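Please find below a short note for the file.

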Amino acid sequence: MKILRLVVLLIVSMLIFSGCQTTPQAPAKPVVDTTLPTVTGLKVLSDITEIGFEWKPNYNERVEGYYVYRSNPKDQTNKLHRIATIKDRYSSHFVDTKLKPQTRYYYRFSTFSSDKRESVPSEMIAVTTKKMISSVVFLKAIVGLPNRVKIIWRPLDYPNVSAYIIERNDLSSMEWKKIATIKGRLSAEYIDTGLKNNYLYRYRIKVKTYDGLISKPSQIVEASTKPLPPIVENLRATQDLPKKIVISWDKSSKLDISYYKVYRTINPILFYSYYAKTKENRFEDLINENGKSYYYKVTVVDKDGLESPKQASAIVGSTLDIPLPVSITSIKEDGKSVMLTWMGNDDRAVSYNIKKEYKGKTVNITGVRSFSYQDRDVIPGVEYKYSVISIDKYGLASKPSDPILIVMPKE
């Protein structure tokens with residue numbers, strides 16, 4: 001039984017192999033029958049890639065259907081080839097599709113019978129497809145916008161338009177990049193965002209139809225984005241004010257300025273943190289420390305939110321430090337008083353305070369305007385310790401001088 005099955009399979013395989021090797025025969029050329037009714041009443045309607053035909057249907061029982069012949073535009077002889085067979089004599093329409101725009105084609109129609117006999121063909125008809133749809137004829141780019149370009153165009157008066165294809169070129173290459181497809185024939189604008197500042201871009205538009213046709217590009221328009229505000233110049237910072245640093249700078253010449261941003265750091269090699277904003281071209285940084293230094297940079301922000309670059313080098317400001325301490329030059333007693341003299345080491349000093357210590361008590365003598373002081377309030381046999389503190393016009397006090405001791409003689 002197994003042998004019989006193998007023989008059958010072998011015979012079937014040979015038959016299949018033999019059938020695959022058979023060369024198909026070309027269909028026989030139809031025989032023209034002059035008695036068959038011909039196609040009449042042909043009407044034509046052309047579009048960009050389609051041509052539609054209409055004829056008077058022939059209900060003669062001998063007519064089985066219709067043949068359609070067309071030339072190949074690449075063939076200069078205009079030889080016609082059958083492109084369609086319509087197998088219903090009641091049909092009266094045919095649309096030839098996927099044609100080339102603005103190209104001439106030649107057609108003929110004939111009827112055929114059930115035994116594949118063919119009528120005398122119709123007169124040859126020359127039909128030209130319409131030219132390709134044009135792109136928009138008016139295109140304008142709005143310049144000077146922040147990080148964006150707005151383009152507007154006039155919609156096409158062509159109902160088959162489905163969308164507009166926006167392409168961009170940034171002048172850095174020859175390549176055009178598709179950036180958007182705007183649907184709707186009546187659409188008329190597109191805003192291209194996320195662009196570089198103060199940069200030139202080029203745009204063009206292609207039109208797309210509902211049947212997938214895409215026009216040639218429109219004219220090219222150029223547009224540049226808005227530049228950043230200019231860098232803030234002539235930055236200044238104080239170093240002689242108590243408990244604060246005042247920074248100032250030249251006022252920006254731009255009219256659309258919104259505010260200034262102040263950046264600060266304690267060390268110029270560290271990151272500059274955003275610290276404050278002001279509408280004035282100055283800022284007071286209140287600091288509750290003496291001799292404290294900070295480094296500053298300032299930017300300006302316009303009404304569109306664009307911020308200028310920071311300065312390459314920062315400006316350093318500092319609060320006023322305390323005056324330098326004095327140096328006591330001598331101390332003497334005459335049995336009834338102590339004469340103390342010193343030398344001022346800071347021109348900022350406008351007065352001096354004297355710290356007097358004895359028997360566990362401390363007495364502060366203030367408002368001394370000279371470089372000496374005579375203390376008459378002393379007790380015989382008591383040891384006194386004196387130190388001097390300089391005071392500036394802001395009331396800042398220096399550190400005490402090195403203390404000096406003296407013992408009053410006993411009576």
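1. Asp375 belongs to strand 26, which spans residues 372-375. This is a predicted model. With a relative accessibility of 3%, Asp375 counts as buried, because the cut-off for that class is under 20%. Its side chain makes a polar contact of 2.7 Å with the side chain of Tyr386. Leaving aside residues up to four places away in sequence, Asp375 touches Ser337, Val338, Lys356 and Tyr386.

2. Asp157 lies in the loop between strand 9 (149-153) and strand 10 (161-169). At 75% relative accessibility, Asp157 is classed as exposed. The C-alpha atoms of Asp157 and Arg185 are 8.2 Å apart in space, while 28 residues separate the two in sequence.

3. An open sheet of 4 strands runs in the order 25-24-27-28, with antiparallel pairing. Its edges are strand 25 (361-368) and strand 28 (404-407); each has a single partner strand, so one side of each is left without a neighbour in the sheet. From one strand to the next, the twist averages 25°. Strand 24 (residues 349-358) pairs with strand 25 in the antiparallel sense over 6 bridges, and Lys355 stands opposite Asn364 in strand 25.

4. The structure contains 18 salt bridges. One of them joins the side chains of Arg62 and Asp33, with an N to O distance of 2.9 Å. Arg62 is in the loop between strand 2 (51-56) and strand 3 (65-71), and Asp33 is in the loop between helix 1 (2-20) and strand 1 (40-46), so the pair ties together parts that are 29 residues apart in sequence. Arg62 is partly exposed, at 36% relative accessible area, whereas Asp33 is buried, at 12%.

5. Arg168 and Asp192 form a salt bridge in which the closest N and O atoms are 2.7 Å apart. This pair links distant parts of the chain, as Arg168 is in strand 10 and Asp192 in strand 12 (residues 189-192), 24 residues apart. Arg168 counts as buried at 18% relative accessibility, and Asp192 counts as buried at 4%.

6. The side chains of Asp302 and Lys226 meet in a salt bridge of 3.1 Å, N to O. Asp302 lies in strand 20 (residues 293-302) and Lys226 in the loop between strand 14 (221-224) and strand 15 (236-237), so this bridge ties together parts that are 76 residues apart in sequence. Asp302 and Lys226 are both buried. Through salt bridges that share partners, Lys226, Asp256, Asp302 and Asp304 are joined into one network.

Technical notes: Residues numbered from 1 in each chain as written. Predicted model: local features only at pLDDT ≥ 70, side-chain atom pairs only at ≥ 80, totals over all residues. Heavy atoms only, no water. Helix = DSSP H or I, 4+ residues; strand = E, 2+ residues; numbered from the N terminus. Buried < 20%, exposed > 50% of the residue type's maximum accessible area, 1.4 Å probe, protein only. Polar contact = N/O pair within 3.5 Å; in protein donor to acceptor, adjacent residues only side chain to side chain. Contact = heavy atoms within 4.5 Å. Pairing = 2+ DSSP bridges. Axes fitted to C-alpha atoms, helices over the stretch in contact; angles between N-to-C directions. Salt bridge = Lys/Arg side-chain N within 4 Å of Asp/Glu carboxyl O.
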